[in-house]
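This report walks through a few local features of one structure.

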Amino acid sequence: MTDEIPLAPLPPRAPPRVLALANQKGGVGKTTTAINLGTALAAIGETVLIVDLDPQGNASTGLGIDRRSRRVSTYDVLTGDAVMREAVLETAVPRLHIAPSTMDLSGLELELADRRDRAYRLRDAVRGLNDEGSFRTRNEITYSYVLIDCPPSLNLITVNAMAAANAILVPLQCEFFALEGLSQLLKTVEQVRTTLNPGLSIHGIVLTMFDARNNLSTQVVEDVRQFMGDKVYETVIPRNVRVSEAPSYGKPVLLYDLKCVGSQAYLRLASEIIQRERALRAAAA
């Protein structure tokens, strides 16, 4: 009997770019942006993993993941009972995967309260994502982007996301209290940068639910651009019925209605994010 020839080791894989979609306010479009931005990035050739960190699991539902299929979830990953790739599920979108969440996440803060590494659980899980040792098969794909859908609060789960992320993407609804909420979020980002993640930055702010018929929406856009300058993406996501309908069918809006104004806006946002990424890499070279 001949000895088996060992497989050659895989070449080193670059770590994914990790973007956390965060805003402590609910209803601003975090999950909608995560789903549709992930779909748009996948459509232009990136390999994307969405990490659902909201106990409500809306990103998972919005991508058609049945609750009975979520046998391993981000809760299991953060408690250390599973590695990230064990939680990953394919979606109907080629090159777009998701690590789903369950309601178990709502009790995570109490469970990790005494753990010294409680703020770094997600960072460590994501760090090993593209390592050969985490692959279940030799043909596992390598992720180029990880998008983290945060819950609508500044709790330990959101802090984990910020500690794991290269940058924060802030969905901001075009409404009266937008800047007030943004100021609080920026303070939290600065605290995390100082104490947990020195490399953390604001990748950009995406204005969502823009209504051109509403003078307030236009005023909010002007105020945020004046306050944050070029950190605000040029692309503005309009209020669009098709975007609102798509999650009830378990689909991103790009699959539900590619030609609607919401889909086209998310494609432009993905292109703009890729352009910023190229500029960041060029500046770091």
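The largest nonpolar core has 49 residues, and the members that touch the most others in it are M84, L122, I148 and I168. The model described here is a predicted one. In soluble globular proteins, nonpolar side chains tend to be buried together.

Not counting residues up to four places away in sequence, I148 touches V18, L19, A20, L21, V51, L53, L122, A161 and A164. Another core lies apart from the largest one; this other core has 34 residues, including L37, L41, V243 and Y266.

**Two helices in contact**

Helix α1 covers residues 30-43 and helix α12 covers residues 261-284. The two pack with their axes 9 Å apart, at an angle of about 70°. Angles of 65 to 115 degrees count as roughly perpendicular, so α1 is roughly perpendicular to α12. On the α1 side the contact is made by T32, T33, N36, L37, A40 and L41. On the α12 side, Y266, L267, L269, A270, I273 and I274 take part. By type, the residues of this contact are 9 nonpolar and 3 polar, with no charged ones. L37, L41 and Y266, which belong to the core of 34 residues, are among the residues of the contact between α1 and α12.

**A threonine in helix α3**

T74 is placed in helix α3, which spans residues 74-79. Is T74 buried or exposed? Its relative accessibility is 1%, and the limit for buried is under 20%, so T74 counts as buried. A polar atom of the T74 side chain lies 2.9 Å from the backbone oxygen of D52. Leaving aside neighbours within four places in sequence, T74 is in contact with D52 and also with V51, L53, A99, P100, S101 and L105. V51 and L53 are also touched by I148.

The table sets out their values.

Key:
Residues numbered from 1 in each chain as written. Predicted model: local features only at pLDDT ≥ 70, side-chain atom pairs only at ≥ 80, totals over all residues. Heavy atoms only, no water. Helix = DSSP H or I, 4+ residues; strand = E, 2+ residues; numbered from the N terminus. Buried < 20%, exposed > 50% of the residue type's maximum accessible area, 1.4 Å probe, protein only. Polar contact = N/O pair within 3.5 Å; in protein donor to acceptor, adjacent residues only side chain to side chain. Contact = heavy atoms within 4.5 Å. Core = buried A, V, L, I, M, F, W, Y, C linked by side-chain atoms within 4.5 Å. Axes fitted to C-alpha atoms, helices over the stretch in contact; angles between N-to-C directions. Parallel < 35°, antiparallel > 145°, perpendicular 65-115°, else oblique. Nonpolar A, V, L, I, M, F, W, Y, C, P; charged D, E, K, R; others polar.
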